[in-house]
Amino acid sequence: MLPWLWAAVKSDPHNAEAWSVAWYAAKYIMKDPATAERVLTEAKAKNPDSIEIAFTEGRALYDGGKGDIAAAKRAFRRAVELANAKCGGDVSKLSEREEESLRFAGNYLKALPEDRP
């Protein structure tokens, strides 16, 4: 993984943004799916209630429409549930990144076919 991302996640293991950027860098910049998977696994372990990590997991599972759509939908739903539990419907209580993750997770859920769980 890129050294500055590694340093960021090690210095603050609860920095969901650093984890999601590290996942993106491993997956799309380095083109290393094994590292991306390890990053996401560790991110989830360190941040089990993170809206952004749940959304990132959904993106990883969705894999541009080639992945496990049912599992991706579950992860996107989890991101929405975590956000709603945190803010009680008042999105102003969420950070900008959390609100963005909520919005994108909702967009994915609306766009994905209904016939798939």
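Visitor: Why is Tyr 108 called partly exposed?

Guide: In this predicted model, Tyr 108 has 25% relative accessibility. Buried means under 20% and exposed means over 50%, so Tyr 108, at 25%, counts as partly exposed.

Visitor: What makes Tyr 62 and Tyr 108 an edge-to-face pair?

Guide: Their ring centres are 5.3 Å apart, with 70° between the planes.

Visitor: How many aromatic pairs does the structure hold?

Guide: There are seven. One of them joins Phe 55 and Phe 104, with ring centres 6.2 Å apart.

Visitor: Why is the pair of Phe 55 and Phe 104 called stacked?

Guide: The planes stand at 20°, and planes under 30 degrees apart count as stacked; the pair is therefore stacked. Phe 55 lies in helix H4 (residues 51-62) and Phe 104 in helix H6 (residues 96-111).

Visitor: How do you know whether Phe 55 and Phe 104 are buried or partly exposed?

Guide: Phe 55 has 8% relative accessibility, under the 20% cut-off, so Phe 55 counts as buried. Phe 104, at 33%, falls between 20% and 50% and therefore counts as partly exposed.

Visitor: Which residues form one aromatic cluster?

Guide: The cluster consists of Phe 55, Tyr 62, Phe 76, Phe 104 and Tyr 108.

Note on methods
Residues are numbered from 1 along each chain as its sequence is written. This is a predicted model: local features need pLDDT of at least 70, side-chain atom pairs count only at pLDDT 80 or more; totals for chains, interfaces and linings use all residues. Side-chain values use heavy atoms; hydrogens and water are left out. Rings of Phe, Tyr and Trp (its six-membered ring) pair if their centres lie within 6.5 Å; planes under 30 degrees apart count as stacked, over 60 as edge-to-face and the rest as tilted. Helices (H or I, at least four residues) and strands (E, at least two) are DSSP runs, numbered from the N terminus. Buried means under 20% relative accessible area, exposed over 50%, partly exposed in between (1.4 Å probe, protein chains only).
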